[in-house]
Number of protein chains: 2
Amino acid sequence: MNQTKSIAIQGIKGSFHHAVAEQYFGTASTLEECLSFDVLVEHLLLKNVDVAVMAIENSIAGSIIPNYALIDANNLQIVGEHYLDIQHNLMALPGQNISDITEVHSHPMALLQCKSFFKNHPHIKLVEAKDTAEVAKEISNGNTKGIAAIASKTAAQLFNLNILAESIQTIKHNETRFVIVKRQTEYVTKNINKASLKFELDHKRGSLATILNVLSDCKLNLTKIQSLPKIETPWKYAFFIDVTFNEVSDYEKAKSVVQLMAQNFKVLGAYKNGKL
Amino acid sequence: MNQTKSIAIQGIKGSFHHAVAEQYFGTASTLEECLSFDVLVEHLLLKNVDVAVMAIENSIAGSIIPNYALIDANNLQIVGEHYLDIQHNLMALPGQNISDITEVHSHPMALLQCKSFFKNHPHIKLVEAKDTAEVAKEISNGNTKGIAAIASKTAAQLFNLNILAESIQTIKHNETRFVIVKRQTEYVTKNINKASLKFELDHKRGSLATILNVLSDCKLNLTKIQSLPKIETPWKYAFFIDVTFNEVSDYEKAKSVVQLMAQNFKVLGAYKNGKL
């Protein structure tokens, strides 16, 4: 467990971000509930909080690109990562059956992940909402019948809702990767064996292969790669990669070579691999 | 202009998909308006339409991953691509000023792209909706005051709305890539100089670099790369790449080598490059 003062999370207590904050930092911390990732970053930059927890990648839907852009544009540093197996549960007020439900409100990502389940319940209308736990809270506070939420078991307990169906996501193993971010000035390197890097390349044939050869020669293992449009210059691509390594000296060597070969090289963070 | 019978588009007439269908196929075709990408694919598989138009990548937010999954899972073939410069306009009923507007309803992607504009108009609440043009239509049909839509100029004309602010997206050059997809059995190769490929690799160090070296040796140019979680086996990654080439023989050669070196190699489509 890492000690900390205050943590910004996306969503409210009972959300998946809350679960990550507890698992990574323990239960003693102060939480700042943020209604969007923009607000979360603002809290961090204004020094209202020490760290923030941000979902960055999902094993089904891929990267959450706008969050990469937020980290990059605001020069935040990734200082850790945490993986959470996300199980979606359908919940409503006690006494309600699934046949009583006419609408389910949830985050677009949660609705997407549970699409197959609702194909078998065509009488339920899918409505997009900001946050999974927020909907559970509103149903509870408003004593709202006919509407269900998709959220965690923690949310069901916290807001006294009844679970109508467990693990309704199509793909049962549904892992989401969260990153722990800080302001850049507070960045400290210790016990690192993974890094997130960004660089840009000319659109010459073989330029990416050359960089990957360097990483491989330096014994770095690529765990993720993504070409991304360069903001303000469409269809010029930047690359976001994650690498793991055993020796920090290997990483330092690769870093100094890639820095010379690629343009606008940037370390988004170096941290401890969250996977065992 | 390519001749065709009937085209499925995401959204309604006045949507950006509609604009792409017109620019790619001309105005003589029959359109099938689909309220989701799932419905669009269903129409294609049920042979209600000959082709479908699908947004696949945006120069700001990156790839639309679920659409890659739809193409892959349903064995559709990409037979063409088209780039559209998307300009978002704020529109409402004639006579309304921006100070009269309390809510703007639009697609989450459109809201995201116009975030900076609305930071300067904090009295306007952002509400997520299914489709940009659909909101414009509803405001018009319902004679709804106080609510604005974000949509194309075509939508404003079609639904008699007044443009309150032009090109309100943060990044002025905002290009979206659309693909034209068909059922796999109808796939024909001619005049091709671009291809979308998918393959999987062992997580051995340097395995991706080796593949990219082959592509480079075969004179193929990589225009896009994305590692993606493999469905049902989280954190095993598949790679989606786009390549361009001058000679089909170079492409055929690269294909036969990569097929031997990588696992589950698949051609998602070979087509004519939509970029000049």
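1. **Ground rules.** The model is predicted, so local features need pLDDT of at least 70 and side-chain atom pairs count only at pLDDT 80 or more, while totals for chains, interfaces and linings use all residues. Residues are numbered from 1 along each chain as its sequence is written, chains are lettered from A and ligands numbered from 1 in the order in which they are written, and side-chain values use heavy atoms, with hydrogens and water left out.

2. **Extent of the interface.** On chain A, 48 residues are in contact with 48 residues of chain B (contact means heavy atoms within 4.5 Å). The size of an interface is often given as the accessible area lost when the parts come together. Here the buried area is about 3900 Å² (accessible area, 1.4 Å probe, that two parts lose on being put together, summed over both). Carbon and sulfur atoms give 58% of that area.

3. Chain A and chain B share 2 salt bridges (a side-chain nitrogen of Lys or Arg within 4 Å of a carboxyl oxygen of Asp or Glu). B:Asp38 and A:Lys115 form a salt bridge, with N to O at 2.7 Å.

4. **Make-up of the chain A side.** Strand β13 (residues 221-230) of chain A supplies the largest share of the side that touches chain B, 9 residues. Helices (H or I, at least four residues) and strands (E, at least two) are DSSP runs, numbered from the N terminus. That side of chain A divides into 21 nonpolar, 13 polar and 14 charged residues. Ala, Val, Leu, Ile, Met, Phe, Trp, Tyr, Cys and Pro count as nonpolar, Asp, Glu, Lys and Arg as charged, and the others, Gly among them, as polar.

5. **A covered strand.** In strand β1 (residues 6-10) of chain A, 5 of 5 residues are buried (under 20% relative accessible area; exposed is over 50%, partly exposed in between; 1.4 Å probe, protein chains only). Both faces are covered: A:Ser6, A:Ala8 and A:Gln10 lie on one side, A:Ile7 and A:Ile9 on the other. β1(A) pairs with strand β2 (residues 30-34) of chain A in the parallel sense, over 5 bridges (strands pair if DSSP finds at least two bridges between them). A:Ile9 stands opposite A:Glu33 in β2(A).

6. A:Asp72 meets A:Lys198 at 2.7 Å, N to O. The pair links helix α3 (residues 65-73) to strand β12 (residues 194-200) of chain A, 126 residues apart. A:Asp72 counts as buried because its relative accessibility is 14%. A:Lys198 is buried too, at 12%. A:Asp72 also forms a salt bridge with A:Lys266, again at 2.7 Å. That pair joins α3 to strand β15 (residues 263-271) of chain A, 194 residues apart.

7. B:Lys198 and B:Asp72 form a salt bridge, with the closest N and O atoms 2.7 Å apart. B:Lys198 is in strand β12 and B:Asp72 in helix α3 of chain B, 126 residues apart. B:Lys198 is buried, with a relative accessible area of 12%. B:Asp72 is buried as well, at 14%. Elsewhere, shared partners join A:Glu57, A:Glu81, A:Arg177, A:Lys194, A:Lys224 and A:Asp242 into one network.

8. B:Leu212 lies in helix α8 (residues 207-217) of chain B. B:Leu212 is buried, at 5% relative accessibility. Not counting residues up to four places away in sequence, B:Leu212 touches A:Leu208, A:Ala209, A:Leu212, B:Leu222 and B:Ile225. On chain A, 8 of the 11 residues of helix α8 are buried, so the helix is largely enclosed by the rest of the structure. Its buried residues include A:Leu208, A:Ala209 and A:Leu212. A:Lys219 follows α8(A) with a positive phi, near 65°.

9. **Helix α2 of chain B.** The buried residues of helix α2 (residues 37-45) include B:Phe37, B:Asp38 and B:Leu40. B:Ser36 caps the N-terminal end: a side-chain oxygen lies 3.4 Å from the backbone nitrogen of B:Asp38. B:Lys47 follows α2(B), with a positive phi near 60°.

Notes:
A polar contact is a pair of N or O atoms within 3.5 Å; within protein, one must be able to donate a hydrogen and the other to accept it, and residues adjacent in sequence count only if both atoms are side-chain atoms.
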